[in-house]
Amino acid sequence: MKLKELESHLSNVENFSNAKEYLEQYMTTPHLAARMIYTAQTQYDDIESRSLIDLGIGTGMLSIASCLLNADHVFGFDCDLDALGLCQLNIKEFELESSIDLIQADLRRMSLPIDLNRIKADTVIMNPPFGTKPFSTSTENQDELCLSGIDMHFLNYARQLAQHSIYSLHKTSTRDHIYKKAKDWNMKIDVLAVLQFDIPKLEKKRPNRKISTASNAPLKSIEVDFIRFEIKDNADD
Amino acid sequence: MLTSNILKGVTRGFPLKIKADKVENVSVDYNRDFITRIIPRIEYDALRAAVNDLGLNESLPETMPEAVQQDDEFLKTMHKVLLEYEIEEGELICPETGRKFPISKGIPNMLLQETEVS
């Protein structure tokens with residue numbers, strides 16, 4: 001399947017109707033998802049006939065793109081039941097019910113009731129929350145679910161769940177930190193592209209101020225790295 | 001049933017028992033290569049126990065055959081059990097703590113309470 005064709009199919013993936021600010025929910029665009037997965041397959045052979053895991057599956061965009069490029073199977077994780085419901089609708093729309101299995105779990109936890117060894121997949125794909133809201137003692141606990149550095153939690157799970165490679169997005173401003181972590185975790189790292197990302201700018205709630213939802217919030221443009229990590233075999237060192 | 005086989009209990013990680021209130025039988029194209037690839041990942045005893053608990057009319061041998069790749073009949077049975085039985089509604093139960101993880105619309109809820117997280 002050609003890139004343009006893939007992107008065209010993905011335009012049928014339905015978006016969030018009530019995206020939750022505090023979970024940094026937004027749909028990975030068909031444009032971006034097509035390019036991420038197309039690159040993963042054509043340059044690295046990491047999608048076709050492979051088992052996949054999608055961390056923070058959201059609308060299901062990345063997983064659906066992968067199945068359209070003939071991935072074997074995907075386990076998709078998300079903490080939000082509404083997102084999972086939307087994901088199921090999208091999966092049904094594309095008739096991929098037997099290829100994508102969903103699990104509701106909170107990836108901010110240090111341990112999960114999931115046997116990481118047995119669920120290990122060839123490739124992990126993700127568009128993790130970036131945690132653009134800095135930690136502040138003055139804000140209520142339940143709103144501060146996507147704190148700065150949450151993408152590192154996701155990456156930590158990814159490296160335990162990936163047999164071979166990980167495809168992820170991280171803020172360019174954190175690149176040095178990511179390089180260091182990759183080294184600590186014995187992974188090869190390649191920044192495949194740098195993108196300009198528009199994510200809804202999530203404002204602090206203040207009295208007498210109109211609260212913006214993710215769908216009508218002003219967009220904040222940030223630089224994002226599309227990164228491929230490869231799990232190094234100890235023998236290769 | 002594939003998903004339920006890779007989940008485990010919160011504390012010691014015993015394989016979870018399945019209590020199914022609604023099981024759907026679906027038809028899925030047989031992909032021999034895929035089944036061969038995932039078999040090493042399956043907790044076989046837990047799978048047999050689950051098939052038994054659910055009263056499914058499928059016969060799985062006591063132990064996995066040695067030459068799995070050559071055993072077409074076994075692979076086809078594994079395909080049926082893992083992919084063609086979907087637990088729509090039910091529970092996964094930790095045999096050690098009794099902790100129940102609900103399954104709703106085919107999605108297991110593995111969210112932990114604050115008190116369960118060490």
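Student: Is B:E58 buried or exposed?

Tutor: First, a word on the ground rules: this is a predicted model, where local features need pLDDT of at least 70, side-chain atom pairs count only at pLDDT 80 or more, and totals for chains, interfaces and linings use all residues. Residues are numbered from 1 along each chain as its sequence is written, chains are lettered from A and ligands numbered from 1 in the order in which they are written, and side-chain values use heavy atoms, with hydrogens and water left out. Buried means under 20% relative accessible area, exposed over 50%, and partly exposed in between, with a 1.4 Å probe and protein chains only. The relative accessibility of B:E58 is 17%, so B:E58 counts as buried.

Student: Which residue meets the side chain of B:E58 in a salt bridge?

Tutor: A salt bridge here is a side-chain nitrogen of Lys or Arg within 4 Å of a carboxyl oxygen of Asp or Glu. B:E58 sits in the loop between helix 3 (44-53) and helix 4 of chain B, while its partner is in helix 4, so the pair ties together parts 22 residues apart in sequence. Helices (H or I, at least four residues) and strands (E, at least two) are DSSP runs numbered from the N terminus. That partner is partly exposed, at 32% relative accessibility, and the N to O distance is 3.0 Å, which gives the name B:K80.

Student: How many residues apart are B:D72 and B:R32, which also form a salt bridge?

Tutor: Their side chains meet at 3.0 Å, N to O. Both count as partly exposed, B:D72 at 36% relative accessibility and B:R32 at 30%. B:D72 is in helix 4 (residues 72-83) and B:R32 in helix 2 of chain B, so the pair links distant parts of the chain, and the separation is 40 residues.

Student: How many salt bridges does the whole structure hold over all chains?

Tutor: Some of them join up: A:K20, A:D80 and A:D82 are linked in a network. Across the interface of chain B and chain A, the rule finds 1. That bridge runs between A:D72 and B:R37, whose closest N and O atoms are 2.5 Å apart. Over all chains, the search finds 15.

Student: How much area do chain B and chain A bury between them?

Tutor: Contact means heavy atoms within 4.5 Å, and the contact takes 28 residues from chain B and 28 residues from chain A. In chain B, B:I6, B:R41 and B:I107 lose the most area to chain A, together 28% of what that side buries. Buried area is the accessible area (1.4 Å probe) that two parts lose on being put together, summed over both. With 54% of it on carbon and sulfur atoms, the total is about 2400 Å².

Student: Which residue of chain A is in contact with B:V28?

Tutor: B:V28 lies in the loop between strand 1 (17-25) and helix 2 of chain B, and counts as buried at 12% relative accessibility. B:V28 and B:E84 are 56 residues apart in sequence, yet 6.2 Å apart from C-alpha to C-alpha. Leaving aside neighbours within four places in sequence, B:V28 touches B:H79, B:L83, B:E84 and, from chain A, A:S98.

Student: How many helices and strands does chain A have?

Tutor: Its elements run α-α-β-α-β-α-β-α-β-α-β-α-β-β from the N terminus on. Of the 237 residues in chain A, 55% are buried. The secondary structure comes to 7 helices and 7 strands.
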